[in-house]
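This briefing is meant to be read with the structure open beside it.

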Amino acid sequence: MVEVRKDGSQILYNTTRHAAFHALKKERIGGFDIDILVTGGAGFIGSHLAEALIKKGYSVNILDNLSSGHKRNLSGVLDNQYLNLLVGDCRSSTDIKEALKKVHAVFHFAANPEVRLELADPKKCYKQNIEATYILLQRTRKSNVESIVFASSSTIYGDAVTIPTPEDYGPLKPISVYGASKLACEALVSSYCYSFKKKGIIVRPANIVGPRATHGVILDFIRKLKTNPSELEILGDGTQTKSYLYIDDCIDAIIKAYESAEEPVTICNIGSEDQTNVTELANIVIEEMGLKDVKFKFSGGVEGGRGWIGDVKNMLLDVSKLKSLGWKQKLNSKEAVRQATTDLIRELTPH
Ligand code: NAD
């Protein structure tokens, strides 16, 4: 395993240096004496989460193999003494063992986050999601870890008939291999927490948007429109209706769920309270890019107007549980899409 220095250079992981690092952190005045491991912490959600946890006073280790994440996502905290970036893999028992040293809580966010079948084939989903989670959980058994926060997904509900969908909805019948892999991981997390006396917090986010996003419909539309500003290919019939939540509201929800969890295993939906459809979303992206007269080309869809195999056509989560913890979203779905579009256009514009 290698560690990334403040100047961006990488060094072989050195346990003596790590011990010194932790000794340094303990001198901190105020804050929490809790070290948290964020797997996938250089990714979209993980990097925002790491920043927020440090701001709250936690010390954060990140384990990321930089497959879709980037060091630049952590530029605001890379030189913070309470952050330690370990470039390694969740499927490596040795890397996890090092990353877990002195850690009391793990936020497991590393995964292949792609729902589309061609980008998340079954083998990839099994290896990067299920196998990685199993190896991580095995390592937590003989560690100081007390809490495990797992990033599941709204896709575990499949085509739910109850909308908004509450956490106790069932039977759970995911329609994507990605959703199935997340459901399998939920089962593993729950069973390990009950069997080995850890606290489990399973969060089920739905369509999180914002700066640093590595995938998703907004990024897809911006990239397509940059290539061809007069025509936009929309996968499916454009009526797919979903909720979109801005990253800041999501991070607030994850931390609230973690800090308030009392049951051995808590499950919590994270999503916006309203929806918008893909055509409306495309219009917002077009407006924010300052384009006019863009022709829509609906293509590539599969049965019933879905965008791809495994695309849930109508999705809205019941977030009453989250609201009972004092959580309140600041941006609705359309506002979140608009803000995320502005953020992503800025990011994609060369400085
Ligand atoms: P992301 O791709 O930006 O982040 C994933 C991170 O995990 C990346 O930094 C990547 O390099 C890292 N990673 C992947 N495999 C790894 C491995 N084996 N070892 C170490 N690091 C590894 O994706 P994201 O959108 O930030 O998603 C974060 C988590 O939240 C994922 O588990 C995803 O499934 C889940 N989730 C995301 C959304 C969303 O709307 N973005 C919704 C529901 C659930």
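In this predicted model, helix α6 (residues 217–227) and helix α10 pack at an angle of about 50°, with their axes 10 Å apart, and the two helices are therefore oblique to each other. The protein as a whole has a secondary structure of 10 helices and 15 strands, and buried residues make up 45% of its 351 residues. Among contacts between residues at least 6 apart in sequence, 80% join residues at least 24 apart.

**Helix α10 and its partners**

- The crossing of α6 and α10 is right-handed, and in it Ile218, Leu219 and Ile222 of α6 meet Val337, Ala340, Thr341, Leu344, Ile345 and Leu348 of α10. The residues of this contact divide into 8 nonpolar, 1 polar and no charged.
- Helix α8 (residues 278–288) also meets α10 (residues 333–348), where the two axes come within 9 Å and cross at roughly 40°, so that α8 and α10 are oblique to each other. The crossing in which α8 passes α10 is right-handed.
- On the α8 side of that contact are Leu281, Ile284, Val285 and Glu288, while α10 contributes Lys334, Val337, Arg338, Thr341, Thr342 and Ile345. The residues of the contact of α8 with α10 comprise 5 nonpolar, 2 polar and 3 charged.
- An α-helix has 3.6 residues a turn, so residues three or four places apart point the same way. With that in mind, look along α6 at Ile218 and Ile222, which are among the residues that meet α10.

**Val278 in helix α8**

- Val278 lies in helix α8, and Val278 counts as buried because 24 other C-beta atoms lie within 10 Å, where 20 or more are needed.
- Leaving aside its neighbours within four places in sequence, Val278 is in contact with Val217, Ile234, Gly236, Gly238 and Gln240. Between the C-alpha atoms of Val278 and Lys242, which are 36 residues apart along the chain, the separation is 8.0 Å.

**Helices α2 and α7**

- Helix α2 (residues 44–56) and α7 pack at an angle of about 60°, with their axes 10 Å apart, and are therefore oblique to each other; their crossing is right-handed.
- The contact is made by Ile45, His48, Leu49, Ala52 and Lys56 of α2, together with Ile247, Cys250, Ile251, Ile254 and Ile255 of α7. These contact residues divide into 8 nonpolar, 1 polar and 1 charged.
- Helix α7 (residues 247–260) has 14 residues, which at 1.5 Å a residue should span 20 Å, and its end C-alpha atoms are 20 Å apart, which agrees. The buried residues of α7 are Ile247, Asp249, Cys250, Ile251, Ala253, Ile254, Ala257 and Tyr258.

**Helix α5 and its surroundings**

- Helix α5 (residues 177–195) has 19 residues and reaches 27 Å from its first C-alpha to its last, close to the 27 Å expected at 1.5 Å a residue.
- The buried residues of α5 include Val177, Tyr178, Leu183, Cys185, Val189, Tyr192 and Cys193, and also Lys182 and Glu186. What do the buried residues of α5 pack against? They pack against α4 (122–140) and against the strands β7 (147–151), β8 (199–205) and β13 (265–270).
- Just after α5, Lys197 takes a positive phi of about 55°.

Methods: Residues numbered from 1 in each chain as written. Predicted model: local features only at pLDDT ≥ 70, side-chain atom pairs only at ≥ 80, totals over all residues. Axes fitted to C-alpha atoms, helices over the stretch in contact; angles between N-to-C directions. Helix = DSSP H or I, 4+ residues; strand = E, 2+ residues; numbered from the N terminus. Parallel < 35°, antiparallel > 145°, perpendicular 65-115°, else oblique. Left-handed = near helix turned anticlockwise from the far one by under 90°. Contact = placed C-beta atoms within 7 Å. Nonpolar A, V, L, I, M, F, W, Y, C, P; charged D, E, K, R; others polar. Expected span 1.5 Å × (residues − 1). Buried ≥ 20, exposed ≤ 12 C-beta atoms within 10 Å, placed from the backbone.
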